[in-house]
Amino acid sequence: MSEVLDAVDAKILDLIQHDAGLSVAEIAERVGLSSSPCWRRIKRLEDAGVIQRRVTILDREKLGLNFEVYCTVKLSLPTKDNLDAFETAISKLAEVVQCATVTGAADYELRIVTRDMHAFDNFLRERILSLGLVSNIESRIVIRSVKHTTAAPLGLVSPYVSAQS
């Protein structure tokens, strides 16, 4: 969005990024609008791509998916074709919950979630190394997650929302 968020838009975004299950009526009440204008604002924010999608966050531990690893990946030969092939393959792997190209000695940083060490080892051998594109992987197992949020820091772009989370 090229224009700056006004107070109502910022408050709407802050509300729904913390609880996507709120009804339009609940959001409208909290921001001081009636339902129709509130719905129009939400629709405009969706159409502008500011709101990408609404999701439910699951408790991974209760599902038995409590093994989390960050992997730094270096490709054998980082050509355009190899980068494209790696990214296409990674996008299809459910265990990879985040993938970013990075600067420095490595090419990618992956965040991987799976059941346990054995499942992770199998994932590395059968899904990543079998691609034939990787020369080095450095893995760091998460011992304890200190902070995890999906919320964008709206306070950095709008004075109408607290910068604190």
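**Close-up A. Contacts between H1 and H3.** In this predicted model, Val-8, Asp-9, Ile-12 and Leu-13 of H1 touch Cys-38, Arg-41, Ile-42, Arg-44 and Leu-45 of H3. H3 covers residues 35-47. The two helices pack at about 75°, and their axes lie 11 Å apart. That angle makes H1 roughly perpendicular to H3, as angles of 65 to 115 degrees count as such.

**Close-up B. Contacts between H1 and H2.** H1 spans residues 7-18 and H2 spans residues 24-31. From H1, Val-8, Lys-11, Ile-12, Leu-15 and Ile-16 take part. Their partners in H2 are Ile-27, Arg-30 and Val-31. Val-8 and Ile-12 of H1 contact H2, and Val-8 and Ile-12 also contact H3.

**Close-up C. Crossing of H1 and H2.** The axes of H1 and H2 are 10 Å apart, at an angle of about 130°. H1 is therefore oblique to H2. The crossing of H1 past H2 is right-handed.

**Close-up D. The buried side of H4.** Asn-82, Phe-86, Ala-89 and Ile-90 are the buried residues of H4. They lie on the same side of H4 because they cover an arc of only 100° around its axis. Their cover includes strands E1 (67-75), E2 (96-101), E3 (108-114) and E4 (134-141), along with helix H5 (117-128).

Close-up E. Lys-80, Asp-81 and Ser-91 are exposed, on the face turned away from the buried side of H4. H4 has twelve residues, 80-91. At 1.5 Å a residue they should span 16 Å, and the end C-alpha atoms are 16 Å apart, so the two values agree.

Technical notes: Residues numbered from 1 in each chain as written. Predicted model: local features only at pLDDT ≥ 70, side-chain atom pairs only at ≥ 80, totals over all residues. Heavy atoms only, no water. Helix = DSSP H or I, 4+ residues; strand = E, 2+ residues; numbered from the N terminus. Expected span 1.5 Å × (residues − 1). Buried < 20%, exposed > 50% of the residue type's maximum accessible area, 1.4 Å probe, protein only. Arc of directions from axis to C-beta. Contact = heavy atoms within 4.5 Å. Axes fitted to C-alpha atoms, helices over the stretch in contact; angles between N-to-C directions. Parallel < 35°, antiparallel > 145°, perpendicular 65-115°, else oblique. Left-handed = near helix turned anticlockwise from the far one by under 90°.
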